[in-house]
Amino acid sequence: MLNQIMQSRLRGVMLLGLILIFLPAFFANPFHYELAIQVGIVAATVVGLNLLVGFAGQISLGHAGFFGLGAYFSGIATGTYGWSSIPALVAGAIAVGVVAWIVGRPILRLKGHYLSMATLAVGFIIAIILENERALTGGPDGMSVPPLEVFGWQLSTFGRYSLFGLEISGVQAWYMVAGVLLVIATWFALNIIESPIGRALRSLKGSEVAAGVVGVNTTKYKSLVFVVSAVYASIMGGIYAHFQGFITPDLASFDFSIVLITMVVIGGMGSTFGVILGAVVIELLPQALADFQELEMAMFGLILMVTMIFMPKGLLPTLNSVVPNITRKKAAEVRHDSTG
Amino acid sequence: MFSEFLQYLFTGTTIGATYALIALGFTLIYNASHVINFAQGEFVMIGGMTTVALTGMGMPMIVAVVLAVILASVLGLALQRLAIAPAKQADVVTLIIITIGASIFIRGIAQVVWGKEYHSMPNFSATQSLEVFGAVLNSQSLWVFGIGAVLVVALVLFFTKTLSGKAILATSMNKEAARLVGIRTQVVLMLAFMVSAFLGSVAGIVVAPITFTSYDIGIILGLKGFVAAAIGGLGSGVGAIVGGLALGIVEAMAAGYISSDYKDAVAFSMILLVLFFMPRGLFGAKVVERV
């Protein structure tokens with residue numbers, strides 16, 4: 001049942017949309033909205049990262065670097081130079097895409113742990129630059145970012161807006177933006193996966209040498225997916241900057257890179273809806289553990305460790321294999337009969 | 001001019017020797033199990049923090065050091081038994097996340113037990129520093145070099161002269177064949193994690209008087225060890241030592257001649273540069289990929 005929903009692109013996205021529409025029924029205060037917006041933005045980033053890690057099998061331990069670059073590009077372009085938000089997001093995405101392409105060409109030749117090392121290094125270098133170019137970025141203290149502005153509209157979390165005659169608060173409006181972006185990000189990723197590009201990427205994960213032998217241009221596809229996932233991170237970074245109104249170099253930190261990759265792995269590598277679940281779990285876990293106070297960090301580490309030991313494939317894929325799936329078994333039997 | 005250079009060289013080799021010890025720990029575990037242990041830095045932290053805490057309770061230095069090293073080695077063993085062994089079928093990334101989870105767990109406990117403050121530790125010997133051609137050589141640096149050299153010699157003897165050492169080597173070369181000739185590879189893995197934790201904790205203890213220590217010092221020291229191991233080529237012992245020293249020296253020179261804000265950026269650029277030209281590090285083994 002669960003598996004079937006996930007298998008169909010349209011139904012999966014519709015289910016996601018429905019959940020997003022009905023979720024606010026459980027929100028009691030603006031803090032819940034803010035939490036949901038944050039989860040949504042990070043989840044969309046992780047959906048992009050999953051294309052690289054889950055489908056192409058290339059590890060990135062520096063992805064927060066691109067998120068941070070996107071955030072600072074938007075912040076500096078709109079805040080310091082007075083650009084409008086959308087052009088800043090687009091220009092930021094292009095700039096980060098170019099950076100990713102230039103960096104990606106040489107480092108994607110590396111394999112396994114060497115690739116993780118190189119991506120880690122790239123992320124670190126970006127974070128160090130953001131931290132030290134004080135004139136531009138405000139240094140470790142961070143910088144403030146103006147609210148998101150679309151066609152003359154200013155979207156601030158403190159504002160009040162009316163939509164189709166309905167009075168809504170700033171956080172509610174932001175929730176809609178984040179929700180729509182997450183749905184678009186998911187839809188786009190699912191389409192890439194089902195396209196010839198997606199098949200090429202999966203062949204890379206299976207065996208890079210074999211993919212090359214049967215004529216897949218491995219370098220091209222690896223660079224492409226690296227750029228796509230970096231652009232995802234850049235756009236969501238820019239959105240995040242507008243939402244928070246204040247950014248620090250921590251957005252590009254190694255810690256955040258680890259958080260992103262953890263979401264992918266714990267949710268289920270290669271499962272688009274799985275990694276969204278991963279983002280939800282990892283973002284909400286600290287809230288749930290707040291009662292443990294001092295022990296919060298240790299509990300977080302313990303849960304992470306135990307989950308990965310007992311569910312090495314991640315939450316959603318494990319859940320899928322546990323939920324009995326009679327219809328799928330039947331379908332397999334039918335196929336087996338017709339071929340055998 | 002020369003004394004300045006010499007000064008940076010002293011600083012660099014001292015911290016580089018520490019990196020080398022941590023990198024050797026990475027190398028050992030990588031060879032035995034092909035796991036990159038992101039909790040390696042926590043052994044370094046445990047070494048330094050336990051020694052500080054125990055001497056603070058009035059225990060003699062030498063006893064504190066021995067207990068700290070034993071604690072770290074037991075932790076290494078526990079990590080292998082409780083976290084790595086049960087997940088043997090897992091992906092590379094999954095194993096990375098498991099060791100990251102373990103490191104967060106250990107750090108979280110350390111923070112509860114020892115607090116978040118920075119702690120200092122006195123030098124091992126009363127002599128504060130020597131002067132060599134106008135450059136100051138901290139007496140602790142000599143301890144770092146000395147202990148590092150002794151450990152390297154001990155490791156070489158361990159791997160070439162003892163049966164356990166040879167068993168680890170055999171397992172790293174071919175696990176199946178090693179098992180066929182009667183080597184208990186599970187025991188070898190435990191041994192590798194223990195020796196690795198031992199090396200890390202010693203590095204943490206000898207460097208504590210120079211850099212201070214705190215519950216979260218393992219993150220950055222562990223990363224530097226990983227960088228050093230990758231520069232040298234994962235799995236190469238010589239590579240780990242060369243990589244560690246090179247990383248330390250480049251960092252110190254960058255801090256001195258360029259800018260201390262960018263010293264880490266220089267270190268990370270160095271690893272990129274090395275990997276661009278030598279995708280398997282300086283001394284990494286060539287492998288043939290089977291399809």
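How many residues has helix α2 of chain B, and how far does α2(B) reach from its first C-alpha to its last? The legends below begin with this helix. The structure is a predicted model, in which local features need pLDDT of at least 70, side-chain atom pairs count only at pLDDT 80 or more, and totals for chains, interfaces and linings use all residues. Residues are numbered from 1 along each chain as its sequence is written, while chains are lettered from A and ligands numbered from 1 in the order in which they are written.

**View 1. Helix α2 of chain B (residues 40–56).** Helices (H or I, at least four residues) and strands (E, at least two) are DSSP runs, numbered from the N terminus. α2(B) has 17 residues and reaches 25 Å, close to the 24 Å expected at 1.5 Å a residue; the expected span is 1.5 Å times one less than the number of residues. Of its 17 residues, 13 are buried (20 or more other C-beta atoms within 10 Å of the residue's own, with C-beta atoms placed from the backbone). Just after α2(B), Gly58(B) takes a positive phi of about 95 degrees.

**View 2. Met49(B), a residue of helix α2 of chain B.** Met49(B) is buried, because 27 other C-beta atoms lie within 10 Å. Leaving aside neighbours within four places in sequence, Met49(B) is in contact (C-beta atoms, placed from the backbone, within 7 Å) with Ala110(B), Trp114(B), Thr213(B) and Tyr215(B). The C-alpha atoms of Met49(B) and Ile217(B) are separated by 9.6 Å, although the two residues are 168 residues apart along the chain.

**View 3. The buried residues of helix α6 of chain B (residues 163–173).** These are Ala167(B), Ile168(B) and Thr171(B). They cover an arc of only 100 degrees around the axis, which means that they lie on the same side of α6(B); the arc is that of the directions from the helix axis to the C-beta atoms. The buried residues of α6(B) pack against α1 (2–33), α7 (175–180) and α8 (185–211) of chain B.

**View 4. The hairpin of β1(B) and β2(B).** Strands β1 (residues 129–132) and β2 (residues 135–138) of chain B run antiparallel and are joined by 4 bridges; two strands pair if DSSP finds at least two bridges between them. Ser129(B) has Asn138(B) as its bridge partner in β2(B). The hairpin has 2 residues between the strands, and Phe133(B) takes a positive phi near 45 degrees.

Terms used. Buried ≥ 20, exposed ≤ 12 C-beta atoms within 10 Å, placed from the backbone. Contact = placed C-beta atoms within 7 Å.
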